[in-house]
Every structure is written in structure tokens, then in C-alpha cells.
Amino acid sequence: MGMASSPGSNASLSDQKGTRSEGSQAKKSQHAEEAIFYKSCRAAYLTVLKSSLENIKSKEQLTLVLQQAGRNPSQKTVNKYWTSQTTTLNFDDFCTILKEETPATKTELLEAFGKIDTDNTGYILHDELHKLLTTEGEKMTLDEVSAITKLPDFNCNGKLDYKKFCDLYTTTSEQCCRTALEKLEADSRLRHRQFGSEAETAPEGITLPGSKPSLKIVRKTDHKPAPTKGDSRTPSRSAQSCKASSSSTISMCASSSRSTNLIEPNTMKEWQCAQSRGCFYLEEDGEIVSHKYRLHLPQRSTVCITIKPLHLRQIEGKSCHWLSVDTVLYVLKENETQENLQLVCFTDQQNKEMFGWKGELPSGVYWLLPFTTGCRLKKVKSQITGEAKLVYRDEDGELALTKEFRAALLDIFETIDLDGNGLLSLEEYNFFELRTSGETCDEEVWAVCKENFDMKKNELTRQGFMDLNLMEANDREGDPSDLWVTLLSLGYNKALEMTEACPFVIDIYAEKCKPRIKAIYLEAGSWQLNRAICKSVVNKGDAKVMDGCENIIVYTYRTGMRITSVIENKSDNKVIVHVNNEQSRNCLSNRGLAVFAVEVAPKSMMVSQHVMPLNEQEEWLYNCVHSLLR
């Protein structure tokens, strides 16, 4: 709910929110366009190649796959991307080329022909066309020109009807793209072939670019420099021909109310405690965003650190999906700089839905990085047809918030009230603004809020938060569109159920000092988090060297009701590892797939998958085979 910086003006408060909402909607629109683009790229690629793991191996293949994407590349264009130094191009390269080589529009083609047809007749004589195409620019052969002029659809009496030619050209280009997409949709095997540490979470098997996880971004290394493009396109011959595999089998009993006695009741009362709430938010492409924290410990002390889903009010008829979401907290020690973080511990002990760690920590500054695997917090197809009502007009014709919307807002308030004191500070409110509008408020804007909405000790009350939403509804004359933008960004569906977010609470108990915790960021997982996950599995998991390929090691670690596997590649070449879970039973993978492949960069490690039971009340069997693709 944005606030303007012009004091005393309710109208300006809503104007700023309107601008931010438009920005949020524009951002979502951009993501949707990117998703469509990458889906088209994938569809064209898979009409020529068997999977996106396979590389383009020749100029001819490059030309063909570009044509399937609706491009009509000249030899000059092909040579621009396939030089004498090129041996292969991968899917990422192909997507980059398509961004550069946009298809010619009908308007552009007509303008080009219009420069030749100076009399604007709509026709070009074949003789003139022959001379132009065989002597200027990228010269065509006589046979190539004749192939154009002999087509009856747009040639008659020695002339080319270039308007018809343009119509046919653009129609054919669009048909190529449409056919490829239809084939991709029809073949579920093609739709689900993917690789990379997070590619499976994107809708329709699409891998998104830029700030979202892309094929390049997810090939993470453990603080090793990434290989250059020329070095990373294909594994060496020896790596490709290595017939290696490794299998892991773990049989798990049904869930029990296992208690690890993280904190003894008697001593807990004597320890000092710090607490903060936070939330995991699911993005449109499946990426998970969360708060990140800094912990200050004044002196060495025995501490107990826990994280668990936050219990909100139980609303009759509403599901509490987030309570089943797995959580873990990685603790990293800050040394000289924030960049130099070292994994100290993570919450590997489970007590029902709570995960914790207990031990001694030296004084200093630590970073707390929450994580959830994505096994249970992930995109699901909505079965909801209508949408909940957010506002209504009372007997006096005044707008009011519905009971259902007020209940949702109270839950939102509890989630964003990070310190749990029943009030929103400017810092807490700014995390909310950052999530819903992408911007923050300054002290001057907060002063405007204080003049217009209920506050205590310079913090916004629950009633003030409600009134802020009601003001927005009034400014839009009851149109709930902007309110829905906010709700959707906070993980709510159209039935006002929180299905794409998981609020959590972190507790820090210290025996000898007062710990201090502060939320610093709200962002997606960093490379430090990815490295911490890999390190935790490598340090505590079972290691298996792939038979026949000693440079590839698979680590498997079980904690509570969660299993994580990590692949370490010690070789000098990237490898593609095939992962098969078909023999597993009652298992839920964060990838949503039984069979997939991951690409691991040289001298690096990456997460293969996280697995949890589909039904915790039943036994489950984890049976996974990792093997090198030749």
C-alpha cells in the first residue's frame, strides 16, 4: 500500500500506490513475455534436436533451427554466429541469437520493397528482381531467384506481387512457430525435458533469463570461477564416453512425533531470546524469495536456533498449506567482509514441523539464510473458477472491506510484523512495499502516513493497516484490481488462500548473552546459500564415487523427513548427469520429475535434488540412480 511524499494528501497517497501497482503489473507482464519467448525458443529447438541438452553441431543445423523459430537467416547472418572457431552452440546460445535476430515484420518488408517500387504499383518486374538479387548485397544465385519467381502464389505476367509475397512470408513464419509450439504441447516427454538446478520450477518447463534462474545462472560452482564459453559447451571425449553410475537407496518409515529435546524446559526460561518472523514467497517462474537476517552475538555462548512455519489463525474452510512446507536455516559466520562467509551450522534436528540446532558459537556477526526445498512450496494448477469479494458498499453506500478480506489482511499483518509486537515499523512496512510494489518509503512519506492513519510510537497499527487498504479501494472507486495485485504478490490465490507463500518464525536462544537479530534483505537465494547447502550435504552425507568415473561423486544426506543429493565434479570438463527416480515410492522431488538431467560445471558441485515423502503417514522409499550421459 504505497504512500506519497506530499504531506497531508490522501489523494497523493493513492497516486503513488497506483504508480507502483502499474509498475508491479508491468513487471509481471514482462515476466510473462519472457516466458512466452523462452517457450518459443524451446519449441523451435526441439523440432530439430532431441533435447535441450543436445548442442547444435553444424551451420546447417543452425539455419534449420532458426527457420523453425520463424527467422529466415541469410548466409551472412549464419556466419556471424558460426565462425571458423565454432564447434557447437548450445540452447543458451540459440536463445541469445533469437534475441538479436528478430523476425522481419510485414511493415518492414513492405518498406524495403517500396524503396524499389518507386511508382507504388505493388509489383516488381522479374528482370529487375533478378538483377537486384544477383548483383547487390548478399548475392543470390540465378537458381535461387528463379525458385522465388516461379512460385504461382505471388507471380504473374513476369511480375512479383510483393504484397502477396509479404503476406505469405509472414504467414509461413508464424505457422512455423505455431507448429513447433503445438508439437511441444502435444508431446509431454519433450515438455518435461529440462536441466539445471532450478529449471524444473518454471511454468511449462520454460527456463527464464536475466534476474530469474536461467540455464547459465543455475550451473553454479562452489566459489570456483565459471569456465569460458569456449570451454564449457561440451564435455571432453573422455568424459562423454565414461560409462559411470551411482545408486542410492534409503527406506524411510512413516512420520512419528520425534522430539530431539532441542531446549530443555527448565533451562529455556533462563536463556535470553531473540525472535523474528519472515516469509518464503513463490515467484511466477518458481523461484523462491525470502528474508535474510544478520545475527549479532555479543559473547561466546551456547545457543539454540530454530525455524518453523508460522501458525496463523485457523479460518474455517481455509487450508493452511504452508504449515506442511519444510524449512531450514543456514548459519554463516561473517569474517572480514560480507563476501567472506563461512558455513558454521544448519538446523538439522527435527521436532515435528520445527527444525533446530544447538551448540556453542563464538561472539561475532552471523548471517541467517532461510531455505525451503520447493518440494511443497511450488506452483500448482488452480482449480478456482471465481474470485473472492474484497469490498462491498454498506447501507449508507460507503465502501467497506469484506469479512474474508479483513481476515486475510490480519494474516498478512502478522506475517509482515517481523518482531511480533503488533505494530509495523517503517522498516517492516518497507519489506512489505518491496514485495508488493518494488519500492520503499522514506521518513517523510512515513510522516504523511502518521497524519492519516492510526499509529502508536511511530508504528502502524492493525487498524491503520486496514484503513490504508480501504483508502486504496476508495481511490479506485471499489475496483479491486490493485488490491489483487498486492494479494497475488503475497502468495494468495483468488479464493484468498495463501498457497504460494510460507510465513515462518526464527527463535534464537542464548545462555550467556542477549542475541540480536535483524532482517536485512528480501531476495532470492544467493550463491552463498547454494554453497552452504552443498557444503552441508558434503560434510554430513554419504559419498559414493561413480563406478568407472572417479572424478564424479554423489553425496546423499538425510535429515528428518528430507533427503538431499549433491553432485561434485572434480574433472576439468563439464558433465551432464542423468538422474532416475523411477524406482522410488511415495516420494516428492523438488523437480517434480522422475527422470531429468543436471549439468555440473568443471571443479564444482551442485544440488541434484531434494526429496520428501508425498504422504508422511506412509512408508517411503528413495531409490535414485545417477549416471553420466554419453
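This is a predicted model: local features need pLDDT of at least 70, side-chain atom pairs count only at pLDDT 80 or more; totals for chains, interfaces and linings use all residues.
View 1. A274 touches I506, D507, I508, P515 and I517, leaving aside residues up to four places away in sequence. The C-alpha atoms of A274 and I506 are separated by 8.3 Å. Along the chain, A274 and I506 lie 232 residues apart.

**View 2. A274 in strand 5.** Strand 5 covers residues 272-282, and A274 has its place there. The relative accessible area of A274 is 8%. Buried means under 20%, so A274 is buried.

**View 3. Packing of helix 13 with helix 16.** Helix 13 spans residues 403-416, and helix 16 spans residues 462-475. Their axes are 10 Å apart, at an angle of about 125°. The two helices are therefore oblique to each other. Helix 13 passes helix 16 in a right-handed crossing.

**View 4. Residues at the contact of helix 13 with helix 16.** Helix 13 contributes F405, R406, L409, L410, I412, F413, E414 and I416. These residues meet R462, Q463, F465, M466 and N469 in helix 16. By class, the contact has eight nonpolar, two polar and three charged residues.

**View 5. The chain as context.** The chain has 630 residues, of which 52% are buried. Its secondary structure comes to 18 helices and 26 strands. Among contacts with a separation of 6 or more, 72% join residues 24 or more positions apart.

Note on methods. Residues are numbered from 1 along each chain as its sequence is written. Side-chain values use heavy atoms; hydrogens and water are left out. Helices (H or I, at least four residues) and strands (E, at least two) are DSSP runs, numbered from the N terminus. Buried means under 20% relative accessible area, exposed over 50%, partly exposed in between (1.4 Å probe, protein chains only). Contact means heavy atoms within 4.5 Å. Axes are lines fitted to C-alpha atoms, for helices over the stretch in contact, and angles run from 0 to 180 degrees between N-to-C directions. Angles under 35 degrees count as roughly parallel, over 145 as roughly antiparallel, 65 to 115 as roughly perpendicular and the rest as oblique. A crossing is left-handed if the near helix is turned anticlockwise from the far one by less than a right angle, and right-handed if clockwise. Ala, Val, Leu, Ile, Met, Phe, Trp, Tyr, Cys and Pro count as nonpolar, Asp, Glu, Lys and Arg as charged, and the others, Gly among them, as polar.
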